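My notes follow in the order I looked things up.

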Amino acid sequence: MNISVITLFPQIIESYFDCSIMKRAVDKGLISYRAVDLKPFADGQYHHCDDYPYGGGAGLVMKPEPFERAILSVRENPTARIIYPTPSGKPLDHATAVELAGSDELIFLCGRYEGIDQRIIDLYVTDEISIGDYVISSGEIASLVIIDALYRHIDGVISKESLEEESFAGCRLLEYPQYTRPEVFGGLRVPEVLLSGNHAEIAKWRMQKRIEKTLKNRPELIEKN
Ligand code: SAM
């Protein structure tokens, strides 16, 4: 998969791609990426990427021309998905992450201030995605949340077994509680069944915990099942 992120702050994006599991995926050739600096695509000596909103009101709006030029310079395929993370988009969920993981090319547009001129959305954006019902100050963090949710579903990035029992996957329950050494911590002992070596009993216990946790924290997931 080829991921381009168009941004005023490419260093935020680069630092993410240069760490941990994502770095391994890049090194293995499963993902290639570009953190594309928006500024050089803007006109004038100072390369301004924002301007006052038509109609008045608070804040600044990101200008359309630099985004258009940047999109046209990085897009390799007319079928590329062009994603604008925005609070007014469709909520990100497990199914969307899995679906996007099947794409060959993704281009993310990072908004700042009051967001991006609507005409870029009308002309180029294929998916407007929200990471939740709250507003953060930057599209960089929102793009990275979406990228992080989707890339783990690309074949070869993470073992299939790890993905199958995760929250929202398969039977759409939350995950069971996890424990590691030591056996006793803060006066609390690891549940005996996990030390028993009895795989059938462990599976039964884990399913029971998944149901209990889902009923407690996200009962609407059970109703949807
Ligand atoms: N004025 C916009 C509104 O009320 O919908 C909020 C703009 S926000 C300060 C700046 C940028 O952060 C947005 O253009 C978007 O790219 C990103 N952003 C903020 N909250 C987000 C969310 N919940 N989901 C996705 N992106 C978000």
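**Sheet and pairing**

I began with strand E5 (residues 81-91) and strand E6 (residues 105-109), which run parallel and are joined by three bridges. Strands here are DSSP E runs of at least two residues, helices are H or I runs of at least four, and both are numbered from the N terminus. I call two strands paired if DSSP finds at least two bridges between them. Within this pair, Arg 81 stands opposite Leu 106 in E6.

I must record what I am working with: this is a predicted model, where local features need pLDDT of at least 70 and side-chain atom pairs count only at pLDDT 80 or more, while totals for chains, interfaces and linings use all residues. Residues are numbered from 1 along each chain as its sequence is written, and side-chain values use heavy atoms, with hydrogens and water left out.

Next I checked E1 against E6. These two also run parallel, through five bridges. Ser 4 has Ile 107 in E6 as its bridge partner.

Then I traced the whole sheet. It is open, has five strands and pairs in parallel, in the order E2-E1-E6-E5-E7. Strand E2 (32-37) and strand E7 (127-130) are the edges, each pairing on one side only. From one strand to the next, the twist averages 30 degrees. Helix H3 (residues 64-74) packs on this sheet and touches strand E1 (2-7), E2, E5 and E6. The direction of H3 makes about 160 degrees with that of E1. For such angles, axes are lines fitted to C-alpha atoms, for helices over the stretch in contact, and angles run from 0 to 180 degrees between N-to-C directions.

**Inside E6**

Is E6 mostly covered or uncovered? It is mostly covered, with five of its five residues buried. Buried means under 20% relative accessible area, exposed over 50%, and partly exposed in between (1.4 Å probe, protein chains only). Glu 105, Ile 107 and Leu 109 point one way from E6, and Leu 106 and Phe 108 point the other way.

**Ligand**

A ligand nitrogen is 3.0 Å from a polar backbone atom of Ile 131. A ligand oxygen is 3.4 Å from a polar backbone atom of Gly 111.

**Helix H6**

Glu 140 is found in helix H6. Glu 140 is buried because its relative accessible area is 0%. Its side chain makes a polar contact of 2.9 Å with that of Arg 112.

Leu 144 counts as buried because its relative accessibility is 12%. Leaving aside neighbours within four places in sequence, Leu 144 is in contact (heavy atoms within 4.5 Å) with Ile 12, Ile 13, Tyr 16 and Phe 17. Leu 144 and Tyr 16 are 128 residues apart in sequence, yet 7.9 Å apart in space, C-alpha to C-alpha.

Notes: Polar contact = N/O pair within 3.5 Å; in protein donor to acceptor, adjacent residues only side chain to side chain.
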